[in-house]
Amino acid sequence: MAGVYERIEPRLARWIGEQPVFFVGTAPLSGDGLVNVSPKGLRGTFGVLDDHTFAYVDMTASGIETTAHLRENGRICVMFCSFDGTPNVVRLHGRGRVVTHGEEGFDEALAPFAMGLASRRTEARGVITVDVTRVADACGYAVPRMALESDRELLDSWAERHSPEWLRNYRAEKNEHSLDGLPGLAGLPGW
């Protein structure tokens, strides 16, 4: 049932695009640093760009672990689980890179997600792109069956209550460094 693939095959790319949630794992180089696993979602804000590239829009949040870890060492694993239908788990291992709001290339990195970001552009603080070096799936027999009720609208309503300047200040305050003190948005253009 488990397999390792040389690329993100079209059937896996379609399956990934159908998932409502995925998980991102990163870690600092320090042996006593905090490993981070973050749930991600929001349809239209992530996808397979080609056989070896996956990307997602990094939305405003109270932490900056993934960005800080990628800036330090680039290691990343993205995991998808099937919560309905055939049990399956897919992991994309690779090297991640970040382009944040205000950096050269940000608008180009956002372009594949224009439809999903139509009303969310102010919430986007960056784009994470993964150069995928290993694609593997596993059975997922232990993953429970669950039904998606709906996407949450809380991030949208939260962002709508604040001006772009307030959001920029929030990110500057909350996203300057990771929990381990690694640079997050600190020192980047526009922050």
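Leu42 sits in the loop that links β3 (36–40) to β4 (46–50). Helices (H or I, at least four residues) and strands (E, at least two) are DSSP runs, numbered from the N terminus. This is a predicted model, in which local features need pLDDT of at least 70, side-chain atom pairs count only at pLDDT 80 or more, and totals for chains, interfaces and linings use all residues. Residues are numbered from 1 along each chain as its sequence is written, and side-chain values use heavy atoms, with hydrogens and water left out.

**Loop residues**

- Leu42 has a phi near 65°, a positive value in a residue other than glycine.
- Leu42 is buried, at a relative accessible area of 16%. Buried means under 20% relative accessible area, exposed over 50%, and partly exposed in between (1.4 Å probe, protein chains only).
- Glu6 belongs to the loop between β1 (3–5) and α1 (10–18).
- Glu6 counts as exposed because its relative accessibility is 77%.

**Strand pairing**

- Strand β6 (residues 75–81) pairs with strand β7 (residues 89–100) in the antiparallel sense, over 7 bridges. Two strands pair if DSSP finds at least two bridges between them.
- Arg75 has Arg95 of β7 as its bridge partner.
- β7 also pairs with strand β8 (residues 124–138), in the antiparallel sense and over 12 bridges.
- Thr100 has Gly126 of β8 as its bridge partner.
- In a regular strand, side chains alternate between the two faces of the sheet.
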